[in-house]
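Please read them with the coordinates open.

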Amino acid sequence: MDIREKTFVDYKRRLDLLKSLKNKIKEHQGLIYEALYQDLGKSKKESYLTEVGFVLEEINLFLKKLKNWTRPQRVPTPWLLKPATSHIYSEPYGRVLIFSTWNYPFQLSLSPLIGAIAAGNTVVLKPSEKATYTEKVLQKIISDVFLLNEVEVVLGGEEASKKLLKQKWDFIFFTGSSRIGKIILKEAVEHLTPVCLELGGKSPCVVESDAHLEVAVRRIAWGKFLNAGQTCVAPDYLLVHEDIYDDFIKSLQQTISMFYKNLKQFGKIIDQNHFLRLESFLKDSEIIFGGAIDRENLRISPTLIKGDLLSSIMQEEIFGPILPIFKFKKKEVALDIIKKFEHPLASYFFTSSKVLQKFYIKNLSFGGGCVNDTVLHLANLNLPFGGVSQSGVGRYHGKASFDLFTYKKSILIKSNFLDPKLRYPPYSES
Ligand code: NAD
């Protein structure tokens, strides 16, 4: 089949679709907030900040920049090849399969979808079956905006996912665990299909003795307990310099008490399995603060525990509102602890010292992160987002999404003027 049959060649159609997607999202904001509340107990404000607002901002960016990005790019030609011009065409792959996950079920479905259709591909989207309310709202919005052969939503669990994977795709975009990521990669190899894998990992957060304590505490508490800790880039564990350890812990407890007064208003754990997994970590830990549990409503209060490298919680990504805290004295020790784990998706460093900032950034491999903040690097659409090694393959968001969902067709356009014989055999010594 000609690849162009499976793509939106027409740039104008892409723009129209983006505009109508934006309008539909605005029209159905009430439904989206209700679904996110039912699935994850998210408040309207948090849902706007981390899901709806993010998606609308990304659509706006594409509406503004797409013309420029789709235009063939002229690049320099070496003098030996002249007279000629050189051009890069950004071409859609064709049929794209997107798997998304449940923790930001709206944003993690639509953000890659925006990039894929703006780049000219058609899409099949498989949202997470665990966010049952949101997947239905997604299906409604998408079926209102797109024709079935442009974007289709497929609902279902493991069986539906396996069936989709058996088909031949031109690109697969996956967000989820490394375990399923490996399955995706194995299946993709069958057809040599390119993939982007957005995975997770244990993201460290270092607080040096020269950090601005109050600000650090607020930003760490916010980033860790957002969505009840079910954020791929949430700080997984803390390393706090021993000189400020006691003050830091005291201040963190006060801040948590101020931020989250009522457990009922705190985010909910997605399902029973994840809840039981997190509860079992608590049984095995020395709790410093928190530890309240509401089994019926799947809620766990923001909890601080003493860091122990041998504990079960340190053997996997936590993905919940429990924060192990380690004490360290020398930066080399902090580095050694972080290096015991696979390359994480994110890392955070709180310090005023440029030397220390450079030390951590240069000596560690991780997808991306912040100095003196948490999570917010992913809110800047100019920063390509993704992991490295075990935390993922590929980058998206903004221009990086456009580049991810297009392949670059390189063309040299040669003039017929000047055709020196020197180029052709038989070659002389000179
Ligand atoms: P998961 O990996 O179990 O599921 C993700 C998707 O894969 C779902 O759509 C699911 O239906 C599908 N799936 C399930 N079984 C499958 C199979 N056998 N074959 C093909 N597809 C299958 O999701 P999870 O483990 O609950 O997600 C949590 C992980 O996702 C964490 O590690 C987290 O850090 C990571 N995550 C990463 C990002 C990111 O942007 N990098 C964002 C959110 C979550």
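1. In what order do the strands of the open sheet of 6 strands run, and what is the pairing? The model is a predicted one, and in it the order is E5-E4-E3-E6-E7-E17, with mixed pairing. At the edges are strand E5 (151-153) and strand E17 (392-393), each of which pairs on one side only.

2. Within this sheet, E6 pairs with strand E7 (residues 195-198) in the parallel sense, over 4 bridges. Phe173 stands opposite Cys196 of E7. Helix H6 lies across strand E3 (95-99), strand E4 (122-126) and E6. The direction of H6 is at about 155° to that of E3.

3. The other sheet to check has 7 strands and is likewise described as open, with the order E10-E13-E14-E9-E8-E15-E16 and mixed pairing. Strand E10 (287-289) and strand E16 (368-371) are at its edges; each has a single partner strand, so one side of each is left without a neighbour in the sheet. From one strand to the next, the twist averages 25°.

4. Leu238 has Ile325 in E14 as its bridge partner.

5. Two helices can be described against these strands. Helix H8 (residues 213-225) lies across strand E8 (204-207), E9, strand E13 (303-306), E14 and strand E15 (346-350). The angle between H8 and E14 is about 140°. Helix H11 (residues 331-339) lies across E8, E9 and E14, and runs at about 170° to E9.

6. Which residues are closest to the ligand? They are Trp102, Lys126, Glu129, Leu199 and Glu317, out of 29 residues that surround the ligand. By class, the shell divides into 14 nonpolar, 9 polar and 6 charged residues. Helix H6 (158-166), strand E6 (171-175) and helix H7 (178-190) each supply at least two residues of this shell.

7. An N or O atom in the side chain of Glu129 is 2.6 Å from an oxygen atom of the ligand. For the side chain of Lys126, the distance from an N or O atom to a ligand oxygen is 2.8 Å. For the side chain of Ser161, the corresponding value is 3.4 Å. How much of the ligand's accessible area does the protein cover? On its own the ligand has 860 Å² of accessible area, and the protein covers 93% of this.

8. The backbone geometry has some points to inspect. Lys82 and Pro83 are joined by a cis peptide bond, with omega about 5°. Pro83 is in the loop between strand E1 (73-75) and strand E2 (84-92). A cis peptide bond also joins Pro425 and Pro426, with omega about -5°. Pro426 lies in the segment after strand E18 (406-414).

9. Where does Asn227 lie? This residue is in the loop between H8 and E9. Asn227 has phi near 55°, which is a positive value in a residue other than glycine.

Notes
Residues numbered from 1 in each chain as written. Predicted model: local features only at pLDDT ≥ 70, side-chain atom pairs only at ≥ 80, totals over all residues. Heavy atoms only, no water. Near = heavy atom within 4 Å. Polar contact = N/O pair within 3.5 Å; in protein donor to acceptor, adjacent residues only side chain to side chain. Areas by Shrake-Rupley, 256 points an atom, 1.4 Å probe, with all protein chains shown as cover. Nonpolar A, V, L, I, M, F, W, Y, C, P; charged D, E, K, R; others polar. Pairing = 2+ DSSP bridges. Axes fitted to C-alpha atoms, helices over the stretch in contact; angles between N-to-C directions. Contact = heavy atoms within 4.5 Å.
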